[in-house]
Amino acid sequence: MPPLTSAPSTISQPTPPDARLREAAIELEATFLAEMLKYAGLGESSDGFGGGAGEDQFASFLRLEQAREMARSGGIGLAETLFMALKESTDG
């Protein structure tokens, strides 16, 4: 029996410049989402634990990582819109 070979992929992989643009767009959306989460009160110190200034400082890191995961998972669609706009501006 002949060895199985994979068919050539018809899905084009993003070129490195496109990958960098997409990553920049995702990071912009993540920053936006982190600010939204901040103003929504996510990560605010609760009176029960009272972690003080340290807890407040590290809450921003937690919010940013949560926002990055949200953006990488599709987010609110802002990253895709930004990516298309950035790609259009660099192509033409």
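Helices here are DSSP runs of H or I with at least four residues, numbered from the N terminus. E29 sits in one of them, helix α1. This is a predicted model, where local features need pLDDT of at least 70 and side-chain atom pairs count only at pLDDT 80 or more, while totals for chains, interfaces and linings use all residues. Residues are numbered from 1 along each chain as its sequence is written, and side-chain values use heavy atoms, with hydrogens and water left out.

**Confidence**
- pLDDT is the predictor's confidence in each residue, from 0 to 100; the protein chain averages 81, with 73% of the residues at 70 or above.

**E29**
- What does the side chain of E29 reach at 2.7 Å? That's the backbone nitrogen of I76.

**Salt bridges**
- The whole structure has 6 salt bridges, meaning a side-chain nitrogen of Lys or Arg within 4 Å of a carboxyl oxygen of Asp or Glu.
- One of them joins D18 and K87 at 2.8 Å, N to O.
- D18 is in helix α1 and K87 in helix α3 (residues 78–91), so this pair ties together parts 69 residues apart in sequence.
- E23, E69 and R72 make up a salt-bridge network: R72 pairs with E23 at 3.9 Å and with E69 at 3.6 Å.
- R72 and E69 share helix α2, about one turn apart.

Definitions and conventions. Helix = DSSP H or I, 4+ residues; strand = E, 2+ residues; numbered from the N terminus. Polar contact = N/O pair within 3.5 Å; in protein donor to acceptor, adjacent residues only side chain to side chain.
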